[in-house]
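Biologist: Can you walk me through this model? Please keep it brisk.

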Amino acid sequence: MSVVAEERRPADVPVPTRLWGWFKNPWGRPRFLVLITWAYVVWSIVPVLIAVQFSFNETRSRTVWSGFSDRWYWGDPVDSVWHDPTLRDALMQSLKLAGADVLIATPLGVLLAIGLARWHGRGSRPSNFLMLFPLVTPEIVMGVSLLLVFTHVFTFVGTGTPAQILGHVTFSISFVVVIVRARLFSIGRQYEEAAADLGASPFVALTRVLLPLLTPAIVASAAVVFAISADDFVISQWLSSGGPTDTVPIQIYAATRAAPLPSVNAIATIMMVSTLLIVTVGFLTWRFFTRGERRAGKATEDFGAFNLN
């Protein structure tokens, strides 16, 4: 059939007409969607690549390329990331907050997701709504609210690293719940029920059956929590006590208000690469544990399982 159609196509069709036919494509998927997608990808990535490029600039300029150099990573004895204590401490603080957030928010979010998914009594729907509340609350509002709580109510916390960790856990735990809960509704309850029929206790069914099945969602949620915590600015800024509690986003913001050096690009590149590595590891782990599975529903159905109506 395709050979006949190919023979009937006129050989003298102009090239612009052929290109317009490929772009229009009335009998297939619209080509302009692909073009819009790639245009958006290029629009998003090119500025980041330019910033990464100038982190390797040989001179202090962030607009004129002078040659490749590792000066702003460790070559410069004063202003490089390796030798500048301010940038180095900010990098360690960001990684510390992100790591602590993952260690605290991930297990709490998993337990909360299981509890909300298995709770069908009175108060379950308001609890589901309150769990989603941090996702829709403006971050500036949450930052100011947490600052007031830690300085006027729980004064023993104050500002600094403990307050920043608590703030990051507060707004990131909802992401864990959403991801793990979607996984819970996709796998169903048949595996737990089968384990119970075989004599397993609820604790054994939880630890030996349910949690292994939730491993892809747990790893994915941990990667997401690390990424959003490492890049957070608002809550970290409001709960910072200055000095060693400043994170990389705070230092970048402070540097852009003066005369920033390419070392700012360098530390931003390090944070970006660290975040991409964590997210890539999470994605590959998710792909490994979910190989061979078939999606039985849609994301809208998983989200609709929150029963907010």
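Modeller: We can start with the whole chain and then go through single residues.
Modeller: This is a predicted model, so I hold to some limits: local features need pLDDT of at least 70, side-chain atom pairs count only at pLDDT 80 or more, and totals for chains, interfaces and linings use all residues. Residues are numbered from 1 along each chain as its sequence is written, and side-chain values use heavy atoms, with hydrogens and water left out.

Biologist: How many helices and strands are there in the protein chain?
Modeller: The protein chain has 14 helices and zero strands. Helices (H or I, at least four residues) and strands (E, at least two) are DSSP runs, numbered from the N terminus.

Biologist: What share of the residues is buried?
Modeller: Of the 309 residues, 34% count as buried. Buried means under 20% relative accessible area, exposed means over 50%, and partly exposed is in between (1.4 Å probe, protein chains only).

Biologist: And what does the accessible surface come to?
Modeller: About 18900 Å² for the protein chain, with 68% belonging to carbon and sulfur atoms. Accessible areas come from the Shrake-Rupley method with a 1.4 Å probe; for residues, only the protein chains shown count as cover.

Biologist: What about contacts in the protein chain between residues at least 6 apart in sequence?
Modeller: Of those, 69% join residues at least 24 apart. Contact means heavy atoms within 4.5 Å.

Biologist: New topic. How many salt bridges do you count?
Modeller: Two. The rule asks for a side-chain nitrogen of Lys or Arg within 4 Å of a carboxyl oxygen of Asp or Glu.

Biologist: Which residue meets Arg 60 in a salt bridge?
Modeller: Asp 79, at 3.7 Å, N to O. The pair links distant parts of the chain, 19 residues apart: Arg 60 is in the loop between α3 and α4, and Asp 79 is in the loop between α4 and α5. Arg 60 counts as partly exposed because its relative accessibility is 47%.

Biologist: And which residue meets Asp 76?
Modeller: Arg 71, with N to O at 3.0 Å. Asp 76 has a relative accessible area of 9%, so Asp 76 is buried. Arg 71 counts as partly exposed, at 24% relative accessibility.

Biologist: Let's move to Asn 57. Where does Asn 57 lie?
Modeller: In the loop between α3 (31-54) and α4 (71-75).

Biologist: Buried or exposed?
Modeller: Asn 57 counts as buried, because its relative accessibility is 0%.

Biologist: What does Asn 57 touch?
Modeller: Val 64, Trp 65, Ser 66, Gly 67, Ser 69 and Trp 72, not counting residues up to four places away in sequence. A polar atom of the Asn 57 side chain also lies 2.7 Å from the backbone oxygen of Ser 61. That is a polar contact: a pair of N or O atoms within 3.5 Å; within protein, one must be able to donate a hydrogen and the other to accept it, and residues adjacent in sequence count only if both atoms are side-chain atoms.

Biologist: Where does Asp 84 lie?
Modeller: In the loop between α4 and α5 (85-118). Asp 84 counts as buried, at 18% relative accessibility. A polar atom of its side chain lies 3.1 Å from the backbone nitrogen of Thr 86. Asp 84 touches Val 78 and Asp 79, not counting residues up to four places away in sequence.

Biologist: How far is Asp 84 from Trp 72?
Modeller: Their C-alpha atoms are separated by 9.9 Å, and the two are 12 residues apart along the chain.

Biologist: Which residues form the aromatic cluster?
Modeller: Phe 56, Phe 68, Tyr 73 and Trp 74 form one. The structure holds six aromatic pairs. Rings of Phe, Tyr and Trp (its six-membered ring) pair if their centres lie within 6.5 Å; planes under 30 degrees apart count as stacked, over 60 as edge-to-face and the rest as tilted.

Biologist: Now helix α10. What about Leu 211 there?
Modeller: Leu 211 is in α10, residues 202-230. Leu 211 is partly exposed, with a relative accessible area of 28%. Leaving aside neighbours within four places in sequence, Leu 211 is in contact with residues including Val 110 and Ile 114.

Biologist: And Glu 192, buried or exposed?
Modeller: Glu 192 counts as buried, at 16% relative accessibility. Glu 192 is found in helix α9, residues 190-197.
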